[in-house]
Amino acid sequence: MNVGRVQEGLRTQCFGWSIILSRVAASTNDLAKKLAASGAADGTVVVAETQTRGRGRLNREWVSPAGGLWFSALLRPVLEPSHASRLVFVAGLAVAKTLRELYGLDVATKWPNDVLVNGKKVCGILAEMRTAGQRIDYVVLGVGVNADFEVRVLPEELWESATSLKTELGREISLEELFRALLESLETTYDLFLNQGFAPVLQGWKSFAGFLGKHVIVTNVDERWVGTALDVDNDGSLVLRLEDGTEKHVHAGDVSVRIR
Ligand code: ADP
């Protein structure tokens, strides 16, 4: 990863002008949180060539080999803490748009925090927050894209559910070009959210949603719902029609969705 090349021609006001590159990081989210605690500014970005302890939600492992784009952006939005989870949709929309525009791929968003290409997970998003009283001190928005490596580099148990840009496109991917485009799209989408609210972000995100209308199984640590995914509502909850005909709103916490 050549940070100078990422910043060459970067069309952002804020995102990506301070990039901390770590060749090998435990987790870019952890590194960004440390920087945040020591006062780093809004828009600071941490990127690693590999992560040794990349995380998904609930501390699940996120496998992060060389060739992937593993980065975290530090944000200090003036927002109610309960609205921070909306930033996952900001990132999801930014990634989905970028992958479609740069590569012309068949991209879909999957509630709440994944982006799929040809139905397989190509990107995971992890937002973590620290509050100070009733306000947000910071949000770290982690984005991991399986970019310039073949899916076969991942453990075999992921070959069915995951893919990479290199595998889908059958060619090499420039990490710098992808990173620059993502930073631009992330900033545009974040500004849209701050200036115009969640509605246009959600509308854009839903225009990529591949699971609406489908039969899904939704699980969290100790509950499980089966039904049809009807919608995502204004606070980011998934609206399900359960098999008994009732509607259920599931909050985007540590919930997983499988499409049946
Ligand atoms: P989910 O979206 O499945 O609910 P998370 O968002 O927490 O889960 O992501 C972690 C999960 O993603 C892991 O348990 C594993 O199944 C899968 N995974 C791990 N590394 C990768 C990767 N590089 N690409 C795609 N999927 C991955």
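Guide: Happy to. A residue is near a molecule if one of its heavy atoms lies within 4 Å of it. This is a predicted model, in which local features need pLDDT of at least 70, side-chain atom pairs count only at pLDDT 80 or more, and totals for chains, interfaces and linings use all residues. Residues are numbered from 1 along each chain as its sequence is written, and side-chain values use heavy atoms, with hydrogens and water left out.

With that in hand, 14 residues surround the ligand, and the closest are R57, V63, D114, N146 and S256. By class, five residues of this shell are nonpolar, four are polar and five are charged; here Ala, Val, Leu, Ile, Met, Phe, Trp, Tyr, Cys and Pro count as nonpolar, Asp, Glu, Lys and Arg as charged, and the others, Gly among them, as polar.

Now for the polar contacts (pairs of N or O atoms within 3.5 Å). R57 takes part through its backbone, where an N or O atom lies 2.7 Å from an oxygen atom of the ligand. D114 uses its side chain, with an N or O atom 2.9 Å from a ligand oxygen. The side chain of S256 likewise places an N or O atom 2.7 Å from an oxygen atom of the ligand. Of the 570 Å² of accessible area that the ligand has on its own, the protein covers 84% (Shrake-Rupley method, 1.4 Å probe).

Two backbone details are worth a look as well. L58 has a positive phi of about 50 degrees although it is not a glycine, and W111 and P112 are joined by a cis peptide bond with omega about -5 degrees. Most residues other than glycine have a negative phi, and most peptide bonds are trans.

Methods. Polar contact = N/O pair within 3.5 Å; in protein donor to acceptor, adjacent residues only side chain to side chain.
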